[in-house]
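Dear colleague,

Please find below the structure that I am handing over to you. My notes on what was found in it follow directly after.

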Amino acid sequence: MRFTYIEVRPMEVWIGRNGERHGPYQEEQIKHWLRSGQLSRDDLGWYDGLADWQPLSVLFPLEKPTPPPAPDAYAPPPLQQPQAGAPAFAYAGFWKRVAAYIIDAFVLYLPFSLLEIPFHMRAAYDALTLRITHETDPTAALTAYQHFYAEQWPYFLTTLILGWLYFAICESSSWQATVGKLALGMRVTDLNGARISFGRALGRYGGKFISGFIMCIGFLMIAFTQRKQGLHDMFANTLVLNGRASDLKRDTSERPRNDKGSFHA
């Protein structure tokens with residue numbers, strides 16, 4: 001009789017905390033640290049084959065901190081532990097994001113130009129230009145503009161929807177970025193540095209209308225806020241960070257093994 005031996009390797013988990021990755025660690029180590037309180041259930045975890053980072057409370061739902069023993073009234077006060085400096089994310093700056101938006105505008109220019117053909121946009125625009133060029137009455141010129149936009153609203157609505165979907169699909173995808181952000185090495189994340197959902201990406205783009213309506217102050221906030229957030233980022237609880245998502249995952253897979261018996265971050 002022939003037996004087939006299957007080697008079952010223990011799962012190795014990476015830990016994400018405050019924008020830094022630690023590990024990988026064995027599954028039993030993670031469970032021990034969750035029970036001892038060295039790891040928070042809100043910390044993020046990832047292992048090979050998992051689509052995205054997940055809270056440890058989702059990956060290990062049964063592991064909870066063990067309640068501490070009753071305090072000893074005669075014990076000396078505990079020593080004060082030094083506060084470790086919280087590592088900051090590498091936030092993408094204002095001008096870098098402006099450059100990415102310009103690239104995205106060029107990316108959308110071709111499909112928007114092709115859409116002008118079925119909507120007869122070019123003929124309508126030429127007619128508007130001819131009319132206002134020979135018009136001296138401001139009221140008549142305003143009427144011509146109103147007629148143009150009333151006639152071409154299907155084109156503007158279509159381009160609005162396509163642009164909205166372009167940003168939402170790209171920023172919620174595994175890229176976590178539009179073509180412009182990807183080209184300049186940026187990604188869109190939630191406040192924990194994780195990938196955002198399609199719904200949140202839709203809401204983030206919708207918030208850009210508010211950022212623009214208030215004299216673009218919502219966009220200018222990127223240059224002055226601590227985490228380089230625009231008003232739309234604050235509405236959606238998102239960040240724009242330096243570094244591509246693909247580089248982050250590659251770095252995770254190539255980091256050396258670390259089997260320390262305790263977790264420090």
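Gln54 belongs to strand E4. Beyond its neighbours within four places in sequence, Gln54 makes contact with Asp43, Leu44, Gly45 and Leu59. The C-alpha atom of Gln54 lies 8.9 Å from that of Asp42, a residue twelve positions away along the chain.

Strand E4 is part of an open sheet of four strands, whose order is E2-E1-E3-E4 and whose pairing is antiparallel. The edges are taken by E2 and E4 (54-55); each has a single partner strand, so one side of each is left without a neighbour in the sheet. Helix H1 (residues 27-36) packs on this sheet and touches E1 and E2, its direction making about 115° with that of E2.

The pairing of E1 with E2 can be followed residue by residue. Strand E1 (residues 12-17) runs antiparallel to E2, and five bridges join the two. Val13 has Tyr25 of E2 as its bridge partner, and Gly16 stands opposite Arg21 in E2. Two residues separate the strands in this hairpin, where Asn18 adopts a positive phi near 55°. Although E2 stands at an edge of the sheet, five of the seven residues of E2 (residues 20-26) are buried, so this strand is largely enclosed by the rest of the structure.

Strand E5 (residues 186-190) and strand E6 (residues 238-242) run antiparallel and are joined by five bridges. Within this pair, Arg187 has Leu241 of E6 as its bridge partner. E5 is mostly covered, with five of its five residues buried. Met186, Val188 and Asp190 point one way from E5, while Arg187 and Thr189 point the other way; all of them are buried.

Which residues of helix H6 are buried? They are Tyr155, Thr159, Gly163, Tyr166, Phe167, Ala168, Cys170, Glu171 and Ser172. As to the geometry of H6 (residues 153-172), its 20 residues should span 28 Å at 1.5 Å a residue, and its end C-alpha atoms are 28 Å apart, which agrees.

Two loop residues deserve a separate entry for their backbone angles. Gln176 is located in the loop between H6 and helix H7 (179-183). This residue is not a glycine, yet Gln176 has a positive phi of about 60°. With a relative accessibility of 7%, Gln176 counts as buried, because the limit for that class is 20%. The other residue is Lys228, in the loop between helix H9 (217-220) and helix H10 (231-236). Lys228 likewise has a positive phi, near 55°, in a residue other than glycine. Lys228 counts as partly exposed, with a relative accessibility of 27%.

For the chain as a whole, the secondary structure consists of eleven helices and six strands. The chain has 265 residues, of which 33% count as buried. It exposes about 17,100 Å², and carbon and sulfur atoms supply 62% of that area. Among contacts with a separation of 6 or more, 65% are between residues 24 or more positions apart.

Lastly, a word on confidence. The average pLDDT of the chain is 77, and 74% of the residues score at least 70. Where pLDDT is low, the predicted coordinates should not be read in detail.

With kind regards

Technical notes. Residues numbered from 1 in each chain as written. Predicted model: local features only at pLDDT ≥ 70, side-chain atom pairs only at ≥ 80, totals over all residues. Heavy atoms only, no water. Buried < 20%, exposed > 50% of the residue type's maximum accessible area, 1.4 Å probe, protein only. Contact = heavy atoms within 4.5 Å. Areas by Shrake-Rupley, 256 points an atom, 1.4 Å probe, with all protein chains shown as cover. pLDDT = per-residue confidence, 0-100. Pairing = 2+ DSSP bridges. Expected span 1.5 Å × (residues − 1). Axes fitted to C-alpha atoms, helices over the stretch in contact; angles between N-to-C directions.
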